[in-house]
Amino acid sequence: MNKKQKILIYVIFGILWIFGTDYLVAQLHSDMHIYIILQQVKGFFFLLLTTFFIYYVFVKKEENETVKAEKEKLEVLINSMVDFVNFKDGQGRWTQANEFALKLFQIDHVDYVGKKDSELGAYSSFYKEAFDYCETSDEEAWKIGKVSRCVEQVPIPDGSMKTFDTIKIPLFNQDGSRKELVVMGRDITEQVNAEKQLEESRQNYKSLFEYNPELVYIVNHQGQAIELNPMFKILTGYDPNEFIGKSILPIISNEHKRETKVAFLNILNQKKSCVNKEVTIIRKDGDKRILRCTFVPTVINHQVVGAIGYATDITKEKETEERLRKTEKLSVVGELAASVAHEIRNPLTSIKGFIQFMQANDEKQNFYYRIMLDELERINQISSELLALGKPREVKFETCDISSIFESVMWLLESQANLYSVEIEYNKDDDLPSIECEPNQLKQLFINIIKNSIEADSTKIKIHVSLQGEQLHVNIKDDGNGIDDERIQRLGEPFYSSKEKGTGLGLTVSYKIIQSHRGHIQFESKLKKGTSVTIILPTRSL
């Protein structure tokens, strides 16, 4: 209704009031004095009605327009926000919400004013559970009685989730009754996803750092350790916390300290990485380990702030290389030994034949002939060992029972064990599988090892055969003289023996047998306390 229409109504109402009331007064009273009083009362009421009309039409209208303008500003403000905004009265009925909230819950087509969350759930079946949860969380906010904050997740029809940082502000009347609840929720989905990705990156870094099979270390520009993974303790014996904030140079051997310093300076000054550098360290227990190290510069904002590196223990690799060199040496020695043995055997056969002929015709000198024949037999045995060492023979594997092999070995060594007064105790696990091997070679291997134990002044030899995984473990333990560390390092070398009449070829041949069977042999020994030999053989040939 515009202004002209309101004025027209006011004029018509005034005319009707004047003529209508005059007529009524004239009809009701004839006394002039009373007539004048009624006219005055009528005029007073007309003035009041006119004042009310003018106030309502102009003053109240301005107030309503002001409120309407403020409301429009509020609507523009909340609709321009990228946050969820919702106003509810004390009974939980929606009074106002921005477009973001309406579209989020798919109720932008619904007249939501005056409806509760549970009622709005009927218009959006997908969000029915979400609306029911809102009523529950609103009650919790009313109970708290002050500004509360929580993180809520809202499902999206495409299967994803949106995360909101929700603030609920309960407002109360002066008498303590509920007045209004203001709910605001900021979409922090991207922030949460970014934090999640950051946390995943942290976890990946942590896994790469802590569970890396190599030693990983990070040092600052002063060479002080910032981080050391658990492999540091395994390789060095030191707790990583002992070196955090300190230099790791003290555990590096003197022969490599200077090279390490130079390499680190090259990283700081020239950004030059150091790759596959071999460094010897000294463990906490005094043992030495050889590490292959790689370290690269740590660059932040185009400045080198330190270095990060990796280290692998190559001590066993170096030992393997040494064994390979030893094998090459054995190969050369074997070829030489085979040629020498071949040349020895020819005249040896003739000499032995002539001595046997002379022995048959000269019984008086039989004692001397016997000594010569024994020594010739010993030379023949040495020649056989030389040939076995040097002549490459094709090994033909067959499936054999390890128990049967040991029965033959025990029978062959019984007389020698009795001669030396040595007790041999043999035990085995039940249900041992058959093994693919060359039985005669294994017999020779076990005879060589057990014979060494018998001749080491032992009183008792314990033999135990067990199955561990797909490997057969043969442990031969004696209580003899034992072997010192220096001699253990040289076991298997040709012509090295601590026996008075030993040639050192027995263990050399044994090593070749184990190698041909793709097995391993381990020695543990202490002087005057005995020796333990563990032979590991695969049950199946490759």
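Q: Across which strands does helix 11 lie, and at what angle does it run to strand 12?
A: This is a predicted model, so keep that in mind as you look. Helix 11 covers residues 402-419 and lies across strand 12, strand 14 and strand 15 (471-478). Its direction relative to strand 12 comes out at about 175°.

Q: Which strand makes about 170° with helix 12?
A: Helix 12 (residues 439-454) also packs on the sheet. It touches strand 12, strand 14, strand 15, strand 16 and strand 17 (530-538). The one whose direction makes that angle of about 170° with the helix is strand 17.

Q: What is the strand order of the open sheet, and which strands are its edges?
A: Five strands make up this open sheet, with mixed pairing and the order 12-14-15-17-16. An edge strand here pairs on one side only, and that picks out strand 12 (423-428) and strand 16 (520-526).

Q: Which residue is the bridge partner of Lys 428 in strand 14?
A: Strand 12 and strand 14 (residues 460-468) run parallel and are joined by six bridges. Looking along strand 14 for the partner of Lys 428, you land on Val 465.

Q: Is Leu 48 buried, partly exposed or exposed?
A: Leu 48 sits in helix 2 (residues 32-80). Together with Val 41, Phe 44 and Phe 45, Leu 48 makes a nonpolar surface patch of about 370 Å². Its relative accessibility is 43%, so Leu 48 counts as partly exposed.

Key: Residues are numbered from 1 along each chain as its sequence is written. This is a predicted model: local features need pLDDT of at least 70, side-chain atom pairs count only at pLDDT 80 or more; totals for chains, interfaces and linings use all residues. Side-chain values use heavy atoms; hydrogens and water are left out. Patches are made of residues with over 30% relative accessible area and no salt bridge: like charges are joined within 9 Å, nonpolar side chains (Val, Leu, Ile, Met, Phe, Trp, Tyr) within 5 Å. Accessible areas come from the Shrake-Rupley method with a 1.4 Å probe; for residues, only the protein chains shown count as cover. A salt bridge is a side-chain nitrogen of Lys or Arg within 4 Å of a carboxyl oxygen of Asp or Glu. Helices (H or I, at least four residues) and strands (E, at least two) are DSSP runs, numbered from the N terminus. Buried means under 20% relative accessible area, exposed over 50%, partly exposed in between (1.4 Å probe, protein chains only). Two strands pair if DSSP finds at least two bridges between them. Contact means heavy atoms within 4.5 Å. Axes are lines fitted to C-alpha atoms, for helices over the stretch in contact, and angles run from 0 to 180 degrees between N-to-C directions.
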